[in-house]
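Please examine the structure shown below.

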Amino acid sequence: MFTHLANLFFEQSQIIPDVEEGAIQVDLSVNRNADGLLVGKAILTQDGLDYAATFSEMEEDGDDIVKTRQLKRVYSHILLEVLEQATGMQQSWGILTGIRPMKLYHKYRREGHSSEEAQQILMERHRLSSEKSALLAKIAKVQLQIVPDLYELKNEVSIYIGIPFCPTKCAYCTFPAYAIHRKSGRVENFLDGLHEEIREMGKWLTERDMAITTIYFGGGTPTSIEAKEMDGLYETMYASFPNMENVREVTVEAGRPDTITPAKIDVLKKWGIDRISVNPQSYTDETLKAIGRHHTVQETVDKFWLSRNMGMKNINMDLIIGLPNEGIDEFKHSLAETEKMQPESLTVHTLSFKRASEMTRNKDKYKVADRETVEQMMKLGEEWNAANGYEPYYLYRQKNILGNLENVGYSKPGEESIYNIVIMEEVQTIIGVGCGASSKFIDPGTGKITQFYNPKDPAAYILTYDESIEKKLAHLNTIFPAPLTK
């Protein structure tokens, strides 16, 4: 907890029990007073200067988990305040270091608080800025408009289908993404396993007459495989999953423009799929080369219009703030190019140094924007989206994200991705099939979350997919028992 907060101010900080020369000393204490208040006090000493903070709140009733959570919150308050005093940096997300701040807002609303009360709690209890609290409230309003039964989806499931292949692997990426080649037969063998996994999950869903809310093809790049392979996969999906006519949304990430062809779009149209992603990330060719994307800006533009003119009615695009050697001018250029196309949705990501990525392993090689610059870029993104008729509809954060910022999905009204909403707010079970797919099992009664990961490597997946099927079914049977028969 302390390290995560300290890392918001100092890169690669370490918490040590004894005072060392040149180190910042912090003394923290939390005590209960006669009135039942938990009172936290902090003193930070740096270069002979002292910074002090206090925070108190009424002790909560509850079990050990509730009490521990509150104690951590009080400690976090006082530590954050003295760090802000000492550095002059303000953390707009307050003491939150997790990736799903929207869940907190929804929690307070479900407890019966009004929107205004929920925002006030976020500011007082978690030290969020008024701007971030208002942003969460705005997003929640949109979410509940597009998915009015958001809080009642626990008895349905969504499906994630992972295709682990890409033309090349981007420098910032840690998703399962392996260069696609045909000599070893691993693509064909992987697809054999994936078809079997889809069929087995379909049998279970059919036996339970389980409603599927959304289906999402991710990866990797799902359009890396051949058109005939895509066709066969969708045929198996429609033959295996029950009540496909009631699925609210099917999305296919065609994220790499260099994988999009007329034949593949024809396959999507054949199966009634018109929601795809065509992801530029940047509209600067030098940046694309630096991050390992072997396509050009022009190819992104061409493939967008190919998709649009062939009938893709709902296209998402992604931009990343803070890519190597990019600043405000480059991001303005990316926004200007996006404006010419007007995709139905635009996700604005902030670059995150993920632990296993090439960019993190060779950090000195990649020069990225400073905190002030990425904050300005985020603000430009907000203003551009508002001016072009887009509304924020989902938000999440990541560890080691530049500027301690966030990733925000924007869309034209009515074009939001339901899958993005349900997975980020963790309101229902997500069954993951395919290489590297993560299943998130959410108990409808208790809300307890259990995760299961399929192997990331195609070779390991091919050898063990039958074992993965058995383990997933065991989890599913625990939270969704078979109905009693007469």
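Thr223, Ala254, Ile260, Lys264, Ile265, Leu268 and Ile276 line the largest cavity. Here a cavity is a set of points on a 1 Å grid over the protein atoms alone where a 1.4 Å probe fits but cannot get out, and lining residues have an atom within 4 Å of a point. The model is predicted, so local features need pLDDT of at least 70 and side-chain atom pairs count only at pLDDT 80 or more, while totals for chains, interfaces and linings use all residues. Residues are numbered from 1 along each chain as its sequence is written, and side-chain values use heavy atoms, with hydrogens and water left out.

Helix α8 (residues 262–270) supplies the largest share of this lining, 3 residues; helices are DSSP runs (H or I, at least four residues) numbered from the N terminus.

A second topic is the nonpolar core, a set of buried Ala, Val, Leu, Ile, Met, Phe, Trp, Tyr and Cys residues joined through side-chain atoms within 4.5 Å. The largest such core has 95 residues, of which Ile159, Leu194, Ile215, Tyr234 and Phe241 touch the most other members. Helix α6 (residues 186–208) gives the largest share of this core, 8 residues.

Finally, consider Ser115, which is found in helix α4 (residues 115–126). Is Ser115 buried or exposed? Ser115 counts as buried because its relative accessibility is 18%, and buried means under 20% relative accessible area (1.4 Å probe, protein chains only). Not counting residues up to four places away in sequence, Ser115 touches Tyr105, Arg109 and Ala137, where contact means heavy atoms within 4.5 Å.

Notes:
On a 1 Å grid over the protein atoms alone, a cavity is a set of points where a 1.4 Å probe fits but cannot get out, and a pocket is an open set with protein on both sides within 12 Å along at least five of seven lines; lining residues have an atom within 4 Å of a point. Helices (H or I, at least four residues) and strands (E, at least two) are DSSP runs, numbered from the N terminus. Buried means under 20% relative accessible area, exposed over 50%, partly exposed in between (1.4 Å probe, protein chains only).
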